[in-house]
Amino acid sequence: MPTCQRCEEPAVLTSRKQPFCKDCFIKFIRGKQRKVVQSLNIKDKIVDVLVPISFDLSNTSYVSFNNAIVLLDILINFSKSLYKSYFKITMLFLVTAESSANIKSFYTTLKERYQFTNIDIKILDLMAFIRNNESLYNINVHNNRATSFPSVHKFESFEDYISSITNTSTREDLLFNIHWTVIKIFAYLHNFPTVLYSNSMGNIATKILSNIVKGKGIEISQILEESQTLEIADDEKKQFSFQAFYPLKDVLNTEIFQYIKLLNLTDLLPSDLQRQYEIINDEETGSNNKILNVKTATLNQLINEYFNDLEKNGYSTIVSTVVSTGSKLAIPKGELKECPLCGFKMPGGASKWLDHITVNSPCEDGESPSPSSSENHNPQLSGNPLDICYGCLVSFDTAGEKFSWPIAEPVSMSEKEILNEYIISDDDDE
Ligand SMILES: [Zn+2]
Ligand SMILES: [Zn+2]
């Protein structure tokens, strides 16, 4: 190993083609967060931040956990250097009833390690999103038209609900939309001025590229926007705003792993995730097979794998170029409304636009179908017409016939009770 370029000590790793010693590498990663920390909203000496952790449906849940652990370590370290103010960190775990057990053990280990008291944990069962079966509407997408009617399907649990969506990529999209919505509502109900997402550069690049591929480009600027808002029904201000940051936006996936390894943060991972971590680490040294099955992988997983390969082969600048290009996108001007499915702002009338550019019915020689015949006689088109965004029209076409959704209405105060009902644990220290 060559010597560290910054201090001439023996280097322990190479990142972005630069040799680093342990101390300089940790300083390098932590230094990238300084700008974010400086722009945080400090109210009455307290820096109150919400750190949500959401799991995907694949065997890569350790990614969210790893990122969150690195972010926590950096925040706790920063809080020691804050003058006259301090951090109060609330971690929000979005789980399904089955996955909550490990989190409590994580919390105990976390407190033992850092002796940091201003950390709180909330575990929210995603069933809160469905609330009750009565609020669900069956959504049908056919011939560029979406319709909704009260759902006849009953879902026993969140797993039951999410597995009713047959296409795995669509399921993944829906899960993201659910996480995104629930985090915003939680931030509003508990009045958090700041939400810190722990996505790494690779995660963000994946999201940008997959959104473009799926025709959801309009979401990118809204996801990366620093000022987030939520429409509120019975609040005088009608809108709740908070800051949203991605402090690990400049940190590569490989750097997350290296940071965890150098600081022995693996102890914090719940045991099943530790195993996943070991597998992927073996993979990095080339001694293990890839854990991703290309046939069953979702689009996001494939794109993520692509960015990981780029990083490992010395092309990390491509990852950062995708992120910085995506960050330059702006929300389109003009009148926008919220898509009732994904909750993102959209210019209405995607159906008409699609009609305009596509041909849906096969054209046979000599006999052109009457324009209304296919629409009027299609039983699938019963129900109320729903104006949804282009991305949702395209992706929910394959959601399956049971696809149901609580049609979004502005958030009201009664959501507080609903959401609180689904807080599994509330280990408040105060
Ligand atoms: Zn050094
Ligand atoms: Zn949508």
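With 9 C-beta neighbours inside 10 Å, asparagine 191 counts as exposed; the cut-offs are 20 or more other C-beta atoms within 10 Å for buried, 12 or fewer for exposed and anything in between for partly exposed, with C-beta atoms placed from the backbone. This is a predicted model, in which local features need pLDDT of at least 70 and side-chain atom pairs count only at pLDDT 80 or more, while totals for chains, interfaces and linings use all residues. Residues are numbered from 1 along each chain as its sequence is written, and chains are lettered from A and ligands numbered from 1 in the order in which they are written.

Let us stay with asparagine 191 for a moment. Its phi is near 55°, a positive value in a residue other than glycine. You will find asparagine 191 in the loop between H7 and strand S8 (194-196), where helices (H or I, at least four residues) and strands (E, at least two) are DSSP runs numbered from the N terminus. Helix H7 itself covers residues 168-189, and its 22 residues reach 31 Å from first C-alpha to last, close to the 32 Å expected at 1.5 Å a residue; that expected span is 1.5 Å times one less than the number of residues.

Asparagine 264 is exposed, as 9 other C-beta atoms lie within 10 Å.

Of its 430 residues, 35% count as buried. Among contacts between residues at least 6 apart in sequence, 75% join residues at least 24 apart; a contact here means two C-beta atoms, placed from the backbone, within 7 Å.

What does the interior look like? In the largest nonpolar core, which has 98 residues, Val51 and Cys389 touch the most other members. Such a core is a set of buried Ala, Val, Leu, Ile, Met, Phe, Trp, Tyr and Cys residues joined through C-beta atoms within 7 Å. Leaving out residues up to four places away in sequence, cysteine 389 touches Ile218, Cys339, Cys342, Phe344, Met346 and Ala350.

Valine 141, in strand S6 (residues 136-142), is also buried, with 22 other C-beta atoms within 10 Å. Beyond its neighbours within four places in sequence, valine 141 contacts Ala146, Leu393, Phe396 and Asp397. Valine 141 and glycine 400 are 259 residues apart in sequence, yet their C-alpha atoms are 9.5 Å apart in space.

Finally, the helix pairs. The axes of H8 (residues 201-213) and H9 (residues 217-224) come within 7 Å and cross at roughly 155°; axes are lines fitted to C-alpha atoms, for helices over the stretch in contact, and angles run from 0 to 180 degrees between N-to-C directions. That crossing makes H8 roughly antiparallel to H9, since angles under 35 degrees count as roughly parallel, over 145 as roughly antiparallel, 65 to 115 as roughly perpendicular and the rest as oblique. Lys207, Ile208, Asn211 and Ile212 of H8 meet Gly217, Glu219, Ile220 and Ile223 of H9.

H12 (residues 299-312) and H13 (residues 316-327) pack at about 130°, their axes 6 Å apart, so H12 is oblique to H13. Here Phe307, Leu310 and Glu311 in H12 meet Ser316, Ile318 and Val319 in H13.
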